[in-house]
Each structure stands twice: as structure tokens, then as C-alpha cells.
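Below is a brief report on a metal site and a charged side chain. Look at the model first, then read on.

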Amino acid sequence: MGKATKHTLDVQWICTKPPGSVSLKDHYIRTNYLYQASTLMALSASSDSPDSNSLNDLLSRSYVHNMNWVVKKALIKLSPTIKRTVCKKCNRRLISGKNCSVEVTNTSNLKTPVNDILTVSCICQKFKKNYPIGKNLNYKIFAHNDNLLPVK
Ligand SMILES: [Zn+2]
């Protein structure tokens, strides 16, 4: 009988609904707006000379700077997928083929696919990030894990 009571408690815990409202919702909305605006401005920046500081490029970097400021002041967390698309040095919204280069390198002697490294480098030449994509092909970032919330 004691086991049945414990089992009932476990089921209640599993069936709890996720929270209906998000705390600090206004800050998340503002962050989302700034991220989308920076993406739009980065896409509309002139692609003829990516090194030049065109007005749209400066505006895009300003939006990313404001987004980082909101995140820092409101103590909220950005998704890693958003963090990976922003240069930490010059606050550029990284868009492949536009203002950053993406390449797969393999520096091992055996050249096995396990050692493939995805390198993302910004045009500011100060930011370069390596992702070991060959280690685990089915890798998911923690935020995309399906088992985060206990759902029915
Ligand atoms: Zn940069």
C-alpha cells in the first residue's frame, strides 16, 4: 500500500503543466525584436565591400549591442543558437557568405571524419569559433533536448 501512494505522487509530479507565463517576458520580446532588426539590417547592408562600415552594418551592430545590454541588465539567458550567430568582438550578426566565413577543416594526420572541425570566422578577424562537428553527428545543444520539461 505504501508503494501505491508513492507511485501516485510520482504521477502527479510528471503530469504538472509547464508554467503558462514567462517571467521577464518584456525583456525577451525586446531581445527578439532587436535580434530580428539586426538580422534585417545585416542582410540589407551593402555586400560590395563588407569591410566598410555602411549605415546598415553600423545599425545592425548597434542592435546587437543593445540586445546584449538588455540580456546583461535583465539577467536573462539567450539561446545558444542565437549566441552562435553573433560576433562577440564586434557585435556583428554573423551571416554566412555575407560577413563571416564557414569552413570545415581537418587537421588530423588520419583525416578521419571524427576530427572534422567547423570553423566560423568573422570579417573583423578577431573572432573565430571552432565546433567539433565530427565527434557526435547526432549532437543536440542542451536547449533543444526534448526531455527538459516533464510532459504527460
Ligand atoms: Zn567580428
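Four donors count as tetrahedral if all angles lie between 85 and 135 degrees. Donors are N, O and S atoms within 2.8 Å of the metal (3.2 Å for Na, K and Ca), and water is not among the atoms, so sites may look incomplete.

This is a predicted model: local features need pLDDT of at least 70, side-chain atom pairs need 80 or more, and totals for chains, interfaces and linings use all residues. Residues are numbered from 1 along each chain, and side-chain values use heavy atoms, without hydrogens or water.

**Zinc site**

The zinc ion has the protein donors Cys-87, Cys-90, Cys-122 and Cys-124, each through SG, at 2.2 to 2.4 Å. The angles between the four donor atoms run from 104 to 120 degrees, so the arrangement is tetrahedral. Along the chain the spacing reads C-x2-C-x31-C-x1-C. Cys-90 sits in the loop between helix 4 (80–83) and strand 1 (100–105), and Cys-124 in the loop between strand 2 (117–122) and strand 3 (128–131); the two are 34 residues apart. Helices (H or I, at least four residues) and strands (E, at least two) are DSSP runs, numbered from the N terminus.

Cys-90 and Cys-124 are both buried (under 20% relative accessible area, 1.4 Å probe, protein chains only).

| Residue | Relative accessible area |
|---|---|
| Cys-87 | 0%, buried |
| Cys-122 | 4%, buried |

**Arg-93**

Arg-93 lies in the loop between helix 4 and strand 1. Arg-93 is buried but has no salt bridge; Asp-57, the nearest side chain of opposite charge, is 11 Å away. A salt bridge needs a side-chain nitrogen of Lys or Arg within 4 Å of a carboxyl oxygen of Asp or Glu. Lys and Arg count as positive, Asp and Glu as negative; His and the chain ends are not counted.

How values were computed
Tetrahedral: all angles 85-135°; square planar, octahedral: opposite > 155°, others 65-115°. Buried < 20%, exposed > 50% of the residue type's maximum accessible area, 1.4 Å probe, protein only.
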